[in-house]
Protein chains: 2
Amino acid sequence: MNTNTTTHATPHPSAPQRPVIAIDWGTSSLRGARLGPMGEVLESRAWPRGILTVPPGQFEAVFHELFGDWMQAQGALCLISGMAGSRQGWQEAPYCPCPAGFAELGQHLLWLQPGRIALVPGLSCMEADTLNTPDVMRGEEVQIFGALQRTGRDSATLVLPGTHSKWVQVQSGRVTQFQTFMTGEVFAVMSQHSILGKTLDLNGDFDEATFLQGVDQSQQSGSVLHHLFAVRTLGLFERLSAAQLPSYLSGLLIGEELRQQAVSADSGPVILIGSDALTLRYTLALQRLGIACQSHGAEATWAGLFALASAC
Amino acid sequence: MNTNTTTHATPHPSAPQRPVIAIDWGTSSLRGARLGPMGEVLESRAWPRGILTVPPGQFEAVFHELFGDWMQAQGALCLISGMAGSRQGWQEAPYCPCPAGFAELGQHLLWLQPGRIALVPGLSCMEADTLNTPDVMRGEEVQIFGALQRTGRDSATLVLPGTHSKWVQVQSGRVTQFQTFMTGEVFAVMSQHSILGKTLDLNGDFDEATFLQGVDQSQQSGSVLHHLFAVRTLGLFERLSAAQLPSYLSGLLIGEELRQQAVSADSGPVILIGSDALTLRYTLALQRLGIACQSHGAEATWAGLFALASAC
């Protein structure tokens with residue numbers, strides 16, 4: 001007889017005694033999850049109600065409209081990550097400067113209702129170059145700590161692909177440095193608003209060989225501003241079809257993002273966090289360059305928020 | 001007494017005996033000039049009637065509507081350069097493969113009305129890398145030969161800034177290799193359609209110091225996909241104003257275009273051909289990198305077309 005049949009109901013050693021509501025409120029989307037005592041997702045919701053759709057002063061109302069029922073549970077605790085904590089969001093939660101770890105994040109929560117609802121701050125860092133250029137993230141910090149907890153590692157290079165990809169260095173549990181790449185957004189605007197959009201077919205299926213051809217091109221000498229024009233000429237010379245061109249463009253841009261990364265093999269495989277479609281592409285490109293990696297999905301967000309709630 | 005008072009009326013030794021109509025028919029604009037026996041502009045016209053505005057089959061009608069009166073002159077000869085010779089234009093004038101000189105260009109004119117109206121072909125080349133990526137130009141070839149004739153040089157590096165900048169190597173009077181950079185178009189789509197557009201003010205005056213700050217940033221290690229994000233963070237951290245950000249973005253992108261150029265000092269100053277506003281920016285950026293240059297304006301188009309007509 002298995003005595004562990006009730007394991008799923010056994011609280012995690014550090015689990016909060018209170019119901020946890022985890023919310024990721026981004027620029028264009030809003031999703032939330034009601035978490036169980038082990039951090040498991042009991043119920044989840046998602047809407048296209050990103051902060052850009054919410055008029056100033058209406059965040060609290062939208063929050064109660066969409067999550068009010070969950071918040072009625074006795075002692076419910078809600079943590080919100082993402083752009084809701086930006087200047088254009090519910091309230092500005094000032095960036096937590098790097099190096100920063102899980103503890104600093106917890107200390108800098110911005111409480112909207114003390115003990116009940118808090119915004120998770122983003123992170124900022126200064127470029128280690130002579131110009132001291134700042135960089136920022138909001139929302140990814142939660143995924144980073146969530147993924148680290150799941151892997152049991154405290155030092156790693158993490159990549160969070162997306163509209164604005166993040167490359168993150170973590171040492172001894174703290175984010176020491178990170179860089180943002182506008183890869184996803186450059187793909188979107190070039191394929192939709194530039195002359196490249198006239199010849200490519202965004203409905204084309206992902207083509208792995210063509211994607212890798214783009215990755216290879218990106219590793220050649222010269223600037224990506226030049227390589228981009230190949231999307232036009234390879235179409236013009238009928239060396240790639242309209243349906244293949246988006247895969248080529250994607251390979252060019254992801255390859256450019258990877259081109260100058262110094263990934264130390266000592267720190268173990270790169271941890272990728274993102275949707276399956278994106279982590280597949282990054283895995284292919286990293287493998288092409290001989291860099292090992294492992295992928296985590298969006299569940300890293302819930303894991304990170306649950307861990308933060310557990311420490312409250 | 002000066003015996004040269006009639007110089008302006010003396011035909012050039014190689015001048016055509018016939019009235020020359022020079023036309024530059026691009027993607028978004030159309031301009032034409034009626035040239036005198038020395039190649040001087042007697043009259044010029046310009047319209048926003050680029051090839052994208054002309055329905056298929058209507059090119060001849062538009063041409064006669066706008067230039068029919070000029071063509072009535074006895075023996076008028078008209079040469080048309082630019083996208084009118086593309087697949088989407090009046091008729092496709094196949095690219096002339098590099099290396100190609102002034103003579104090859106003349107041999108490959110596509111006559112629409114023999115001896116009266118011809119399209120100037122563009123140039124194509126194959127990248128000197130392992131992937132044999134093609135590159136193309138249409139219209140710039142005429143400016144190149146026009147500027148070379150004016151400078152008296154037969155070997156040079158030429159830069160034609162614009163939506164799609166061209167870097168061109170000319171040796172012994174022939175274009176041996178060239179590369180296109182989508183610098184101008186990336187500036188346009190990122191400032192109008194990306195998140196960067198939310199914080200920058202495109203009406204801001206050109207700010208030389210901020211432009212050079214962008215050039216300096218572009219020379220730092222790392223990818224332009226990362227540097228672009230500084231346009232957002234420098235605004236966010238109030239280190240640059242909304243009005244300054246376009247100058248910074250421009251410096252970043254032009255600096256990236258220049259970053260990996262191998263310009264040999266042996267071949268003399270770089271020849272810049274373009275509008276005053278653009279050649280000013282490239283001159284500033286090239287000077288910042290210690291590269292000498294000299295500028296030519298749009299008159300290089302008329303000089304090139306006149307020289308071609310003279311050789312017909």
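Visitor: Which residue of β9(A) is the bridge partner of A:Pro97?
Guide: The partner of A:Pro97 in β9(A) is A:Ser124. This is a predicted model, in which local features need pLDDT of at least 70 and side-chain atom pairs count only at pLDDT 80 or more, while totals for chains, interfaces and linings use all residues. Residues are numbered from 1 along each chain as its sequence is written, and chains are lettered from A and ligands numbered from 1 in the order in which they are written.

Visitor: What makes β5(A) and β9(A) a pair of strands?
Guide: Strands pair if DSSP finds at least two bridges between them. A strand here is a DSSP run of E of at least two residues, a helix a run of H or I of at least four, both numbered from the N terminus.

Visitor: How many bridges join β9(A) to β10(A), and in which sense do they run?
Guide: Four bridges join β9(A) to β10(A), residues 134–137, and these strands run antiparallel. Within β10(A), A:Pro134 stands opposite A:Met126.

Visitor: Why is A:Pro99 worth a look, and where does it lie?
Guide: The peptide bond from A:Cys98 to A:Pro99 is cis, with omega near 0°. A:Pro99 sits in the loop between β5 (96–97) and β6 (100–101) of chain A. In chain B, the bond from B:Cys98 to B:Pro99 is cis too, with omega near 0°, and B:Pro99 lies in the loop between β5 and β6 of chain B. Most peptide bonds are trans, and most residues other than glycine have a negative phi.

Visitor: Which value of phi does A:Ser172 have?
Guide: Phi of A:Ser172 is near 50°, a positive value in a residue other than glycine. A:Ser172 belongs to the loop between β12 (165–171) and β13 (174–181) of chain A. B:Glu238 also has a positive phi, near 55°, and its place is the loop between α7 and α8 of chain B.

Visitor: Why are A:Ser172 and B:Glu238 called exposed?
Guide: The count is of other C-beta atoms, placed from the backbone, within 10 Å of a residue's own: 20 or more means buried, 12 or fewer exposed, and anything in between partly exposed. A:Ser172 has 9, so it is exposed. B:Glu238 has 7, so it is exposed as well.

Visitor: Why is α10(A) said to be largely enclosed?
Guide: Ten of the 13 residues of α10(A) are buried, so the rest of the structure largely encloses this helix. Among the buried residues are A:Trp302, A:Leu305 and A:Phe306. For α8(B), 14 of the 15 residues are buried, and therefore it too is largely enclosed by the rest of the structure.

Visitor: How do you know that the length of α10(A) agrees with its number of residues?
Guide: The expected span of a helix is 1.5 Å times one less than its number of residues. The 13 residues of α10(A), 299–311, should therefore span 18 Å, and the end C-alpha atoms are 19 Å apart, which agrees. The 15 residues of α8(B) should span 21 Å; the end C-alpha atoms are 20 Å apart, which also agrees.

Visitor: What makes β3 and β7 of chain B edge strands?
Guide: The open sheet of six strands has the order β3-β2-β1-β4-β8-β7 in chain B, with mixed pairing. β3 (41–47) and β7 (110–113) each pair on one side only. Inside this order, β1 (residues 20–25) and β2 (residues 30–35) of chain B pair in the antiparallel sense over six bridges. B:Val20 stands opposite B:Leu35 in β2(B).

Visitor: How do you know that chains A and B have the relation of a two-fold axis?
Guide: Copies are superposed by least squares on the C-alpha atoms of residues with pLDDT of at least 70 in both. Chain B can be laid on chain A with an RMSD of 0.0 Å by a turn of 180° and a shift of 0.0 Å along the axis. That is the relation of a two-fold axis. Of the residues of chain B, B:Val189 comes closest to this axis, at 3.1 Å (C-alpha).

Visitor: How many residues of the two chains are in contact?
Guide: 39 residues of chain B are in contact with 39 residues of chain A, where contact is C-beta atoms, placed from the backbone, within 7 Å. The largest share of the side of chain B that touches chain A, six residues, comes from α4(B).
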